[in-house]
Amino acid sequence: MKARKESPPETRNAPAPVDTVVEPGADEVTGFVFKVQANMDPNHRDRIAMFRMASGAFKRGMKLKVQNTGKSLSVNAPIMFFASDRELADDAFAGDVIGIPNHGVLRVGDSLSESGVVRFAGLPNFAPEILQRVRVKDPLKAKHLKKALEGLAEEGVTQLFRPEIGSDFIVGAVGQLQFEVMADRLGEEYGLDVIFEPSPYAEARWVTPASGGTDADIEDFSGKYRPQMARDIDQAPVFLAKSSWETGYVGERFPKVAFTKTKERG
């Protein structure tokens, strides 16, 4: 499997990333999170990251490092799934999928390994087709709404954008059904009665430096369009356009800024 050896962010004097291939028979335990499932057991408010092993022989209690954060994680209660049953996994091997209980440490696209430097290509995030505002009917539960929305976004159920100006949450989905599912889960799992409202935005685009561009170009654009700038769950900058025409217009005005429909997770 294609991967890259890359030091975690903020590593001092880090060597340049190197492309590599991870073979199933390699000694080091490596793999990636392809799904996060919350509240599989409503009585325990659990949160399970589905980890697919790419190489190595895993033993319960091993410590694995998350490449994109540098955090070390002791996997003391890995779960193996058999149909509707689950049991503790004492060991696992390349190709196996194990569930790692965690409290928001792991997200879809995270790469884990013993060394903490192996990074697999992340799963893509696609720009949503529909953007709506969401608010909770009880204003006293606003903080609970934030936590619940972040949890669902980390699962990949929907996408969450927090405008840099204002307190509204903007939720993105590919279809109306996702909003209905979200409202049901917010009510059943979090006890939140929410209202979805039309937003003034038609498109969300991640902004990154284009060819020849720099972070300074992003800052310049963000400053001029501050009312329409937001951050996604990873704190990446997002431009909320009022129409596809506006997306094309700003793209022509700011050629050193790329407005992308996809973003790699992890």
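This is a tutorial dialogue on reading several features of a predicted model.

Me: How is the protein divided into domains, and how far apart do the C-alpha centres of domain 1 and domain 2 lie?

Reply: The domain assignment gives domain 1 as residues 2–120 and domain 2 as residues 125–264, and in this predicted model their C-alpha centres lie 28 Å apart.

Me: What is the area buried between domain 1 and domain 2, and what share do carbon and sulfur atoms give?

Reply: About 830 Å² is buried between domain 1 and domain 2, with carbon and sulfur atoms giving 27% of that area, and the contact involves 10 residues of domain 1 and 9 residues of domain 2. Between the two domains there are 4 salt bridges, and 4 residue pairs, both members at pLDDT 80 or more, are in polar contact across the interface. On the side of domain 1 that touches domain 2, strand E3 (residues 30–38) supplies the largest share, 3 residues, while that side as a whole divides into 3 nonpolar, 3 polar and 4 charged residues.

Me: How should I read a salt bridge in general, and which residue pairs with Asp234?

Reply: The general idea is that side chains of opposite charge can pair when their charged atoms come close. In this structure Asp234 forms a salt bridge with Arg107, the closest N and O atoms being 3.0 Å apart. Asp234 lies in the loop between E20 and E21, whereas Arg107 lies in the loop between strand E11 (97–101) and E12, so the pair ties together parts that are 127 residues apart in sequence. With a relative accessible area of 38%, Asp234 is partly exposed.

Me: Which residues are linked with Arg107 and Asp234 in a network of salt bridges?

Reply: The network links Arg47, Arg107, Glu154, Asp232, Asp234 and Lys263. Within this group, the side chains of Lys263 and Asp232 meet in a salt bridge at 2.6 Å, N to O; because Lys263 lies in strand E23 (residues 262–264) and Asp232 in the loop between E20 and E21, the pair ties together parts that are 31 residues apart in sequence. Both Lys263 and Asp232 are buried.

Me: Where do Lys59 and Asp91 lie, and what is the N to O distance of their salt bridge?

Reply: The side chains of Lys59 and Asp91 meet in a salt bridge of 3.8 Å, N to O. Lys59 lies in strand E5 (residues 57–59) and Asp91 in strand E10 (residues 91–93), so that parts 32 residues apart in sequence are tied together. Lys59 counts as partly exposed at 45% relative accessibility, and Asp91 counts as partly exposed at 33%.

Me: How do I read the phi of Gln235, and where does this residue lie?

Reply: As a general point, most residues other than glycine have a negative phi. Gln235 has a phi near 70°, a positive value in a residue other than glycine, and this residue lies in the loop between strand E20 (229–231) and strand E21 (237–241). Gln235 counts as exposed, because its relative accessibility is 52% and the cut-off is over 50%.

Me: Is Ser111 buried or exposed, and from which backbone nitrogen does a polar atom of its side chain lie 2.9 Å?

Reply: Ser111, found in strand E12 (residues 111–113), is buried, with a relative accessible area of 4%. A polar atom of its side chain lies 2.9 Å from the backbone nitrogen of Phe120. Leaving aside neighbours within four places in sequence, the contacts of Ser111 include Gln67 and Arg119, and the side chains of Arg119 and Gln67 make a polar contact of 3.4 Å. Arg119, found in strand E13 (residues 118–120), is also joined to Glu264 by a side-chain polar contact of 3.0 Å.

Notes
Residues are numbered from 1 along each chain as its sequence is written. Side-chain values use heavy atoms; hydrogens and water are left out. Helices (H or I, at least four residues) and strands (E, at least two) are DSSP runs, numbered from the N terminus. Buried means under 20% relative accessible area, exposed over 50%, partly exposed in between (1.4 Å probe, protein chains only). A polar contact is a pair of N or O atoms within 3.5 Å; within protein, one must be able to donate a hydrogen and the other to accept it, and residues adjacent in sequence count only if both atoms are side-chain atoms. Contact means heavy atoms within 4.5 Å. Domain bounds come from an automatic or database domain assignment. Buried area is the accessible area (1.4 Å probe) that two parts lose on being put together, summed over both. Ala, Val, Leu, Ile, Met, Phe, Trp, Tyr, Cys and Pro count as nonpolar, Asp, Glu, Lys and Arg as charged, and the others, Gly among them, as polar.
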